[in-house]
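Subject: Structure handover

Hello,

Here is the structure we spoke about. My notes on it follow below.

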Amino acid sequence: MKKNIINYREYVQRDVMVHAEYNAELEFYSHIRDGNINKVRELCTESLMTKEGLGVLSADKLRNIKYHFTITTAIVARYCIEGGMEHSVAYSLSDYYIRRADELKTVEEVTDLHPIMCEDYTKRMRALRKRKICSKPVAVCMDYICDNLHNDISLESIAEVAKLNPCYLSRIFKKEAGVGVKQYIQAKRIETAANMLVYTDYSIADISTTLAFADQSYFGQIFKKHMGVTPREYRRINFRKSGL
């Protein structure tokens, strides 16, 4: 059966607005905080620094883009702190990239620096989320799981990527991650679903299908088991809230 995978860029571009769509920006920052490197790279292919609807903070184009870069970097730093990055690391990186941008001479140079900055923070957050993992095979498995939540993931497919016997992988994964492979996959899908419920307008049915749940009813049961409320209730309580 063909999966109904949500096209994020189509969602972002669905309206022409005076300022960039607020919710889409929140979702972008949350992907950086969550260490979702593939999604961040995908979104950065269309530069946020030159997109239609970017606010005019200065009549000078170079100064305007530098202002936006500074604001974006500061927000990224705060999201990463929220995700567990040390304040000193987040702010040192922020200062470094803002200084680099300030030294640049063209709009294109500042625009090119934007994905570099975003990827740097994202990679650091991804590493941070795996800081308790001891072995490379388990870290590889976690990366594979996070990159393939929209697909059916089996222990055998993960073991093939890690080049380990499935039974052996299952044992060391549970020992190091604290939960079994199946439970870890389920938890990551629910974590992603919660993010999508808060930061997007996607329907619950689309979220369920995109994250490879068998059906919406099963998704609702598993979500309530993890979060204590149904997806609909969770969205009603948290939709478009940001602590920043």
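Buried, as used here, means under 20% relative accessible area, exposed means over 50%, and partly exposed is in between (1.4 Å probe, protein chains only). This is a predicted model, in which local features need pLDDT of at least 70 and side-chain atom pairs count only at pLDDT 80 or more, while totals for chains, interfaces and linings use all residues. Residues are numbered from 1 along each chain as its sequence is written, and side-chain values use heavy atoms, with hydrogens and water left out.

Overall

The protein has 13 helices and zero strands; both are DSSP runs numbered from the N terminus, with helices (H or I) of at least four residues and strands (E) of at least two. Of its 244 residues, 43% are buried. The accessible surface comes to about 13500 Å², and carbon and sulfur atoms hold 52% of that (Shrake-Rupley method, 1.4 Å probe; for residues, only the protein chains shown count as cover). Among contacts (heavy atoms within 4.5 Å) with a separation of 6 or more, 67% are between residues 24 or more positions apart.

Confidence

The predictor's confidence in each residue, pLDDT, runs from 0 to 100. Its mean for the protein is 83, and 83% of residues reach 70 or more. Over residues 7-20 pLDDT stays under 50, and the model has 29 contacts beyond four places in sequence for that stretch.

Helix 8

In helix 8 (residues 155-162), the buried residues are Ser157, Ile158, Ala159 and Ala162. Their cover includes helix 7 (136-147), helix 9 (166-177) and helix 10 (181-199). Lysine 163 follows helix 8 and has a positive phi, near 60°.

Salt bridges

A salt bridge here is a side-chain nitrogen of Lys or Arg within 4 Å of a carboxyl oxygen of Asp or Glu. By this rule the count is nine. Lysine 123 and glutamate 119 form one of them, at 3.8 Å from N to O. Both residues lie in helix 6, four residues apart, about one turn of the helix. Lysine 123 is partly exposed at 46% relative accessibility, and glutamate 119 is partly exposed at 21%.

Salt bridges that share partners also join Arg33, Asp34 and Glu82 into one network. Arginine 33 pairs with aspartate 34, with the closest N and O atoms 3.3 Å apart. Arginine 33 is buried at 13% relative accessibility, whereas aspartate 34 is partly exposed at 21%. Glutamate 82 pairs with arginine 33 at 2.6 Å between the closest N and O atoms. Glutamate 82 is in helix 4 and arginine 33 in helix 2 (residues 22-33), so this pair ties together parts 49 residues apart in sequence.

Polar contacts and a surface patch

Serine 58 sits in the loop between helix 3 (37-44) and helix 4 and is buried at 14% relative accessibility. Its side chain reaches the backbone nitrogen of aspartate 60 at 3.2 Å. Beyond its neighbours within four places in sequence, serine 58 is in contact with Arg63, Asn64 and Tyr67.

Threonine 111, in helix 6 (residues 107-129), is buried with a relative accessible area of 11%. A polar atom of its side chain lies 2.9 Å from the backbone oxygen of valine 107.

On the surface, Leu57, Tyr67 and Ile71 form a nonpolar patch with about 270 Å² of accessible area together. Patch residues have over 30% relative accessible area and no salt bridge; like charges are joined within 9 Å, and nonpolar side chains (Val, Leu, Ile, Met, Phe, Trp, Tyr) within 5 Å. Isoleucine 71 is in helix 4 (residues 61-82) and is partly exposed at 41%.

Regards

Note on methods:
Polar contact = N/O pair within 3.5 Å; in protein donor to acceptor, adjacent residues only side chain to side chain.
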